[in-house]
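Welcome, and please load the model in your viewer. We will go from selection to selection, with a short note on what to find at each stop.

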Number of protein chains: 8
Amino acid sequence: MENEELSKLLHCVADGIISADDALLRIRQKPFEDLGYAKPDLHRGIRQGTAEVIYGEGKTPEQISGIASSLVKNGQELVLITRLSEEKANALDAKLHLDYFPDGHIGIVGKMPSEKVGKIVIATGGTSDIPVAEEAALTAEALGNRVIRLYDVGVAGIHRLLAHTDDIMSARVIIAIAGMEGALASVIGGLADCPVIAVPTSVGYGASFGGIAALLSMLNSCASGISVVNIDNGFGAAYQASMINKLR
Amino acid sequence: MENEELSKLLHCVADGIISADDALLRIRQKPFEDLGYAKPDLHRGIRQGTAEVIYGEGKTPEQISGIASSLVKNGQELVLITRLSEEKANALDAKLHLDYFPDGHIGIVGKMPSEKVGKIVIATGGTSDIPVAEEAALTAEALGNRVIRLYDVGVAGIHRLLAHTDDIMSARVIIAIAGMEGALASVIGGLADCPVIAVPTSVGYGASFGGIAALLSMLNSCASGISVVNIDNGFGAAYQASMINKLR
Amino acid sequence: MENEELSKLLHCVADGIISADDALLRIRQKPFEDLGYAKPDLHRGIRQGTAEVIYGEGKTPEQISGIASSLVKNGQELVLITRLSEEKANALDAKLHLDYFPDGHIGIVGKMPSEKVGKIVIATGGTSDIPVAEEAALTAEALGNRVIRLYDVGVAGIHRLLAHTDDIMSARVIIAIAGMEGALASVIGGLADCPVIAVPTSVGYGASFGGIAALLSMLNSCASGISVVNIDNGFGAAYQASMINKLR
Amino acid sequence: MENEELSKLLHCVADGIISADDALLRIRQKPFEDLGYAKPDLHRGIRQGTAEVIYGEGKTPEQISGIASSLVKNGQELVLITRLSEEKANALDAKLHLDYFPDGHIGIVGKMPSEKVGKIVIATGGTSDIPVAEEAALTAEALGNRVIRLYDVGVAGIHRLLAHTDDIMSARVIIAIAGMEGALASVIGGLADCPVIAVPTSVGYGASFGGIAALLSMLNSCASGISVVNIDNGFGAAYQASMINKLR
Amino acid sequence: MENEELSKLLHCVADGIISADDALLRIRQKPFEDLGYAKPDLHRGIRQGTAEVIYGEGKTPEQISGIASSLVKNGQELVLITRLSEEKANALDAKLHLDYFPDGHIGIVGKMPSEKVGKIVIATGGTSDIPVAEEAALTAEALGNRVIRLYDVGVAGIHRLLAHTDDIMSARVIIAIAGMEGALASVIGGLADCPVIAVPTSVGYGASFGGIAALLSMLNSCASGISVVNIDNGFGAAYQASMINKLR
Amino acid sequence: MENEELSKLLHCVADGIISADDALLRIRQKPFEDLGYAKPDLHRGIRQGTAEVIYGEGKTPEQISGIASSLVKNGQELVLITRLSEEKANALDAKLHLDYFPDGHIGIVGKMPSEKVGKIVIATGGTSDIPVAEEAALTAEALGNRVIRLYDVGVAGIHRLLAHTDDIMSARVIIAIAGMEGALASVIGGLADCPVIAVPTSVGYGASFGGIAALLSMLNSCASGISVVNIDNGFGAAYQASMINKLR
Amino acid sequence: MENEELSKLLHCVADGIISADDALLRIRQKPFEDLGYAKPDLHRGIRQGTAEVIYGEGKTPEQISGIASSLVKNGQELVLITRLSEEKANALDAKLHLDYFPDGHIGIVGKMPSEKVGKIVIATGGTSDIPVAEEAALTAEALGNRVIRLYDVGVAGIHRLLAHTDDIMSARVIIAIAGMEGALASVIGGLADCPVIAVPTSVGYGASFGGIAALLSMLNSCASGISVVNIDNGFGAAYQASMINKLR
Amino acid sequence: MENEELSKLLHCVADGIISADDALLRIRQKPFEDLGYAKPDLHRGIRQGTAEVIYGEGKTPEQISGIASSLVKNGQELVLITRLSEEKANALDAKLHLDYFPDGHIGIVGKMPSEKVGKIVIATGGTSDIPVAEEAALTAEALGNRVIRLYDVGVAGIHRLLAHTDDIMSARVIIAIAGMEGALASVIGGLADCPVIAVPTSVGYGASFGGIAALLSMLNSCASGISVVNIDNGFGAAYQASMINKLR
């Protein structure tokens with residue numbers, strides 16, 4: 001594995017993705033740093049093309065600050081922190097200069113890429129799905145993708161969705177986000193000719209069972225070309241959508 | 001309760017629904033006959049406007065024949081038998097002169113009403129949902145309703161459904177039947193201005209869990225005006241649709 | 001679809017449901033307004049006979065105020081807001097002149113229709129089911145229906161239900177609301193000759209699983225003529241009941 | 001434990017339940033015989049007042065014959081075998097002189113008690129529940145109880161149940177057996193003043209989930225005085241009902 | 001039904017259970033009082049031998065006070081209120097002179113019966129099950145039964161249970177209360193020769209699923225003579241146990 | 001929609017995907033043919049870039065033959081039939097000249113594309129997952145993709161997977177197929193830098209619950225870049241993988 | 001990893017576990033053979049101390065024969081095949097000289113070890129659990145362990161278990177196998193001072209849900225020192241028990 | 001049982017595990033003390049080699065203090081209290097001189113053993129699993145075992161785990177702790193040659209269902225030699241691991 005990693009790293013240098021000096025630095029490092037409570041992955045950028053992301057839930061502000069600092073110290077330019085509550089965001093080490101986006105519970109250390117490529121459409125069934133959608137949209141933007149937001153286009157008033165057929169037909173990948181019965185994914189899947197990643201949300205009550213109804217609905221879609229991520233997993237959908245959007 | 005039943009019965013005579021002689025006969029009878037293994041309800045036609053129906057599953061051919069004979073003997077003109085397998089249909093007492101409809105697993109003793117009223121639209125998501133749809137359609141027709149069949153109009157190709165907007169907009173009540181993710185009910189619910197009764201079917205595999213995915217989807221529909229019956233319960237949907245269709 | 005909507009609109013003018021001036025206004029508008037976080041449906045009254053309703057849960061007071069204002073501005077006379085907590089109700093834009101009904105968590109902008117038609121009976125198994133029942137009752141009244149309330153008539157003391165046989169036999173549609181084992185729906189379904197819409201509630205503990213026991217009970221009812229809506233969905237039951245009650 | 005068992009045994013002799021000779025024999029035996037594949041409990045009659053019962057499912061005919069022979073050899077007068085298919089019944093050792101009851105899948109070695117005491121009412125919701133009811137009825141009779149059968153008295157036609165109020169009010173214990181939504185138990189529980197043991201059955205389809213709907217319904221009954229046994233467990237209900245019926 | 005109720009009432013007078021004056025009063029009343037939010041059952045004492053009980057959860061202090069006052073006013077001597085939180089107990093109408101038992105969340109209006117009969121053994125698997133056990137014990141005592149408490153005798157140290165074999169063998173009925181895996185019921189069921197009512201509790205974590213593990217365990221017990229009530233339903237177990245204990 | 005479809009069609013002509021004559025023919029046709037039992041979608045090739053696929057399960061041989069003939073008659077060159085049992089394959093209309101692939105239960109009318117592009121890696125955890133993998137592999141090949149098969153590389157012997165790191169690192173998209181605990185998807189997701197589509201299979205027993213364990217495992221993967229399709233849905237994974245693989 | 005494997009191999013030679021010649025042979029081989037449909041692990045004996053085992057379910061006789069032959073050819077002395085039906089056993093390649101054990105559905109190529117060490121007690125709740133117990137017992141014996149069988153010692157007659165206290169107290173590890181409510185594991189766990197591995201079985205009906213009740217019961221055991229394997233997984237329990245039994 | 005206990009006790013004296021004086025004291029005591037709300041097991045140290053442990057959840061500080069005092073008074077040197085919140089720890093009887101470990105919610109009365117034996121490796125998938133891991137680690141250390149902590153070595157970056165192959169290969173027993181999809185257990189199970197005890201944690205969201213996904217994943221592991229304990233049950237895993245680690 002050593003050789004392969006090295007070869008990938010050198011290709012990154014050749015392609016100008018990282019500098020020769022940074023490459024040198026990384027070759028000298030272990031592929032992860034051991035903080036005791038965490039072992040941040042310093043080579044993921046090389047191995048998978050996207051740098052390590054911090055999942056904020058279940059970690060203390062001290063742990064998040066420690067991991068983020070380790071990543072920054074090791075040369076990662078943008079550190080994305082997901083599922084970060086406003087309280088925790090305020091409690092992070094001030095030296096990180098965090099930008100906090102409350103709608104999507106996202107924190108960013110470093111700055112958003114200015115150039116964005118391709119086209120990812122993010123559609124929601126209703127207004128209540130927006131927090132998940134913003135987690136997805138901000139993640140996709142942080143990873144350098146151009147994002148179109150189509151919110152509240154659920155199938156109860158299908159003309160609202162049909163009014164945006166142009167966006168749907170010109171997307172490279174679509175993220176369809178819906179709670180309750182999650183039918184949005186099937187309808188978009190039937191219209192679009194690009195991959196659709198469906199995100200069930202925990203929006204609903206009673207027999208929606210915290211998103212299970214939407215999840216099952218999406219897994220059983222009669223439309224082809226749809227795959228599904230975990231309930232409320234806006235980040236995961238955006239991460240894969242970014243991989244797809246950037247394929248050449 | 002005696003008085004009320006009697007009053008209803010007399011109104012039925014006044015309205016010509018049953019003859020004075022039949023009324024006399026019924027007044028003299030007990031409200032059910034005790035066959036030991038079953039107690040067929042002889043007054044349901046009076047009490048609820050629709051005569052006793054026999055659910056065929058889990059009964060032997062001898063039991064079905066016995067109940068049907070009791071109902072005929074007590075003056076019921078059309079006996080509907082649901083969930084009747086072809087084998088059992090063949091094993092029933094020949095004196096019943098049963099008409100058997102294999103597509104919907106329905107048997108009828110007596111003859112279908114010639115006059116049919118109103119308009120019930122029955123739509124299915126796919127071809128595999130047709131057995132449930134036929135159970136519903138034949139039940140509705142046996143109860144005297146006019147039925148329009150729209151089969152294989154699932155949301156994966158939504159133009160197939162939109163091509164029948166006229167039928168949907170002119171229905172008095174719609175039965176939406178679908179397996180897999182059951183999104184058909186929500187889309188129809190968003191278009192129609194009449195009550196929609198949704199029937200989840202056990203069509204599907206894997207995480208459809210024998211119809212649970214469609215059932216949950218329909219219960220959580222973001223469209224208003226939808227109610228739901230049990231998985232594969234074409235009969236139940238048609239029975240209620242008939243009640244609604246006949247309201248004046 | 002354009003033509004059909006137009007035709008419906010003109011019929012509404014002809015029937016005096018909306019004025020010619022309002023009709024003119026609507027023809028000039030897009031069928032929905034895009035607020036970014038929501039796309040309120042301005043033509044639903046034309047398309048489905050009932051104006052847009054706002055589901056308050058999961059929306060901020062600002063979003064609810066924005067949507068309600070948009071609907072009012074576009075000529076909708078009564079705006080119904082469901083699942084509205086007392087806190088949110090107090091935080092809404094004062095210009096809306098909201099009437100708040102705490103028992104059913106319902107807010108109304110505009111005024112209740114003075115004339116009410118038909119007869120919808122709303123029955124509950126117990127005292128604890130009243131919040132769901134009031135959501136249904138207020139919705140039905142806001143939509144112009146006459147409502148009879150029968151509360152705490154559960155089957156543990158069946159004489160309490162039998163004492164109201166008159167109401168049950170004279171209803172055009174019944175909403176049966178119960179938690180725990182939900183048997184009320186079956187017993188009413190066996191007595192009534194009109195459609196019964198069953199609403200399971202999350203009342204109960206242990207193996208009631210937040211309403212699942214009642215939901216399954218109602219879906220499997222041995223009585224015919226019953227359909228079911230989501231757990232605690234008083235609004236949905238009333239919406240469909242109103243559609244049925246108004247059929248001519 | 002030795003002393004207590006001995007004391008119970010001597011009381012049985014004193015009460016004439018077993019003879020002095022039999023008692024002597026038993027005192028000399030081990031409390032169970034080890035057949036390798038089974039260890040039949042030879043003292044249960046002494047310890048619990050009811051002799052060992054053989055659950056036939058999952059055992060080979062050879063194993064059943066072996067256990068039954070061991071019990072007979074050790075002085076047990078009536079051996080009850082439940083869940084015994086007709087095929088297995090035919091394959092049992094002929095020396096056992098088995099009486100087979102196909103309706104309840106029960107086999108009996110020895111002869112039914114001629115004297116029967118008390119009054120156990122066994123009611124079913126429908127005709128399809130009869131096999132479970134017969135398992136209960138035959139078990140109760142084999143254990144020496146008087147049984148009243150009320151079959152097909154489900155709540156969809158509640159007058160059929162109310163017509164038997166006398167039996168319900170005079171029972172010492174009632175077994176209420178129903179599939180589908182299982183509401184029968186609640187209605188009987190609301191009427192009766194004796195203990196009610198509810199038996200959910202696997203009768204039903206779709207969202208009845210093989211008896212879960214009825215099981216949950218019965219566990220959540222709003223009526224007091226009801227307890228529940230496993231799905232289709234007619235034997236278990238009858239065994240406990242017999243214990244209760246014989247209390248003095 | 002009229003006649004039967006009357007006959008029961010007169011027998012109650014004959015047996016001295018209620019006075020002739022009280023009987024007169026009751027004959028003149030309707031069998032329930034309609035408070036709007038509740039319809040307390042005034043004849044249950046006659047019909048089922050035990051007076052109406054108030055389930056406190058989900059009712060407001062005003063509603064509880066209202067129902068209790070109605071029962072007292074109509075001659076019920078002891079009013080049992082279950083699932084009554086300490087806050088609500090303090091908020092009840094002071095005129096009721098409530099006795100509150102915090103361990104079992106039970107409130108009593110009137111006074112505990114001084115004479116107690118029979119023998120109900122109440123056993124728990126652990127210390128954490130005591131609140132459910134006290135709900136059962138206080139209910140049973142309020143209904144006039146003698147109660148033996150055996151707490152913390154779970155199967156992890158089976159000698160603690162075996163040390164109380166005497167109590168188990170001399171009980172008329174046993175209530176076995178346990179969370180986690182609920183094995184206590186099976187072990188007691190294997191030892192006892194009287195009916196065992198099993199109460200699963202929500203004590204546990206992880207895969208105990210709020211009592212489901214214990215519930216399933218008890219429903220599937222390999223021991224005979226066991227029936228089960230809802231999770232944490234100490235009241236229900238005690239109510240049925242009282243019925244059984246008082247059988248003569 | 002008319003215009004857009006037309007525009008897409010003309011682009012297809014311009015790109016040589018379909019001939020001018022075929023285009024002419026299609027413009028003259030309705031977008032679907034109504035066979036009564038089915039409404040095959042004749043424009044999906046234009047709308048979504050991939051022609052209509054027939055799901056064989058739950059359809060009769062006559063229905064499958066009818067739909068396939070309709071598609072062929074309307075100019076579709078390759079008709080893919082999935083979930084086709086060997087018996088049904090033999091019963092299809094001989095004029096279709098079907099090629100049947102028993103390992104993946106796939107039938108093909110027309111011939112496999114000779115040119116294949118890109119690189120889709122299909123990996124399975126075990127030997128028993130091969131039927132699902134072959135459904136995916138044949139679908140992907142029928143849609144014109146190059147496929148690499150890596151079978152039996154489950155995590156119990158992780159060196160078998162690591163030995164194929166080259167294939168994993170050079171794939172454009174990977175389909176990870178596994179039953180039991182489905183950990184394969186997470187491990188591949190941690191190694192690869194391309195999108196991974198996970199397919200849970202129903203392989204396993206006991207607590208695998210027909211694939212639910214693997215499904216949940218894949219939905220909750222700690223690795224990023226993974227999305228999931230329904231249990232055993234090799235077709236769906238391949239369909240989306242093909243969309244991704246062909247992105248330029 | 002190369003070095004470590006080599007070092008382990010050389011230690012095996014030093015300890016006489018494998019011969020120098022065999023070691024040489026293995027060093028020259030790849031760590032697995034690629035049969036296309038399977039990649040048998042040839043180094044597992046070195047890596048994990050126990051040679052590769054073949055899980056027979058879901059594999060064809062040809063595949064099983066191929067894998068077994070590959071293992072034998074590469075020097076594995078005893079090949080264990082689990083979940084092997086009698087039909088498949090008969091269809092295997094005759095050259096394998098398979099010994100088949102129908103009680104546990106186990107096939108063995110090579111011969112059982114003559115020397116057996118330590119003491120593993122295998123206990124079952126009932127007679128119907130024996131097939132799972134034999135899978136465990138034969139696996140443990142094939143891996144060189146001494147096994148004591150205690151069958152049908154379920155808690156319904158706890159004296160049967162207490163009669164074997166000696167075996168339980170002297171075991172190095174115990175496998176407790178039970179279906180229904182699975183209480184056996186807790187009771188043994190409370191008595192024993194060695195590790196207990198619990199195996200839930202699918203024996204039972206109704207709310208046993210194919211072993212889920214027993215599984216949950218065992219996971220929630222109030223006794224310490226118990227861990228659990230999958231439903232019916234006798235092999236897995238025996239494999240781990242063997243690891244534990246052989247620790248020095 | 002008396003004799004056996006005595007014999008074990010005398011062996012403990014012979015092996016120097018307890019002093020002759022302590023032995024004398026214990027022989028004179030009852031095997032448990034009855035505190036009313038609890039019956040602490042005073043002989044467990046003799047019977048099972050490990051003294052009684054107090055599960056803190058669901059007990060009041062008074063109850064915990066009472067049980068701990070009883071154990072100390074009866075000669076138990078180290079009392080372990082698990083699931084002890086910081087609030088309760090502060091509220092315990094000060095005379096107990098409790099040491100509190102907040103990371104694992106563990107309290108200890110007495111002092112940690114200074115000598116530790118063997119090697120138990122405790123690995124977690126992520127940082128959020130540390131509380132469960134510390135419950136396990138502290139328990140294992142309190143029982144006298146040497147513990148190696150490997151935290152945050154989840155499979156999303158498998159090189160972090162492979163970097164600790166030495167620890168894994170030299171462990172006597174491994175505890176693998178993971179939430180989300182729980183794949184860590186399978187990967188470790190495939191690498192290690194010692195028993196692996198898997199602990200699913202409730203870490204995760206959406207379809208992780210509070211640890212069910214990880215639990216199912218671990219139960220269905222394709223690797224051999226793995227058994228599983230309840231969700232978040234670090235204590236239970238450590239208790240069994242200690243039993244295994246100390247086997248000679």
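How many residues of chain B are in contact with residues of chain C? Keep in mind throughout that this model is predicted. Select chain B and chain C together: 34 residues of chain B are in contact with 34 residues of chain C.

**Stop 1: chain B against chain C**

If you look for salt bridges between chain B and chain C, the count is zero. Polar contacts are there, however: twelve residue pairs, with both partners at pLDDT 80 or more.

Next, colour the elements on the side of chain B that touches chain C. At least two residues each come from α1 (2–14), α3 (44–48), α8 (165–170), α9 (183–191), α10 (212–219), β9 (226–228) and α11 (234–245) of chain B. Zoom in on α11(B), which gives the largest share of that side, five residues. Colouring the chain B side by class shows 16 nonpolar, ten polar and eight charged residues.

**Stop 2: chain G and chain F**

Now hide that pair and show chain G with chain F.

Move on to the contact itself, which takes 21 residues from chain G and 17 residues from chain F. The two chains bury about 1,500 Å² between them, 59% of it on carbon and sulfur atoms. In chain G, select G:Phe32, G:Lys39 and G:Asn230; these lose the most area to chain F, together 31% of what that side buries.

Across the interface of chain G and chain F there are zero salt bridges, alongside eight residue pairs in polar contact, both residues at pLDDT 80 or more. On the chain G side, α3 (44–48) and α10 (212–219) each supply at least two residues. By class, that side divides into eight nonpolar, five polar and eight charged residues.

**Stop 3: a serine in chain F**

Finally, select F:Ser70 in helix α4 (residues 61–73) of chain F. Is F:Ser70 buried or exposed? Its relative accessible area is 3%, so F:Ser70 counts as buried. Show its surroundings too: leaving out residues up to four places away in sequence, F:Ser70 touches F:Glu33, F:Leu35, F:Pro40 and F:Leu42.

Technical notes: Residues are numbered from 1 along each chain as its sequence is written. Chains are lettered from A and ligands numbered from 1 in the order in which they are written. This is a predicted model: local features need pLDDT of at least 70, side-chain atom pairs count only at pLDDT 80 or more; totals for chains, interfaces and linings use all residues. Side-chain values use heavy atoms; hydrogens and water are left out. Contact means heavy atoms within 4.5 Å. A salt bridge is a side-chain nitrogen of Lys or Arg within 4 Å of a carboxyl oxygen of Asp or Glu. A polar contact is a pair of N or O atoms within 3.5 Å; within protein, one must be able to donate a hydrogen and the other to accept it, and residues adjacent in sequence count only if both atoms are side-chain atoms. Helices (H or I, at least four residues) and strands (E, at least two) are DSSP runs, numbered from the N terminus. Ala, Val, Leu, Ile, Met, Phe, Trp, Tyr, Cys and Pro count as nonpolar, Asp, Glu, Lys and Arg as charged, and the others, Gly among them, as polar. Buried means under 20% relative accessible area, exposed over 50%, partly exposed in between (1.4 Å probe, protein chains only). Buried area is the accessible area (1.4 Å probe) that two parts lose on being put together, summed over both.
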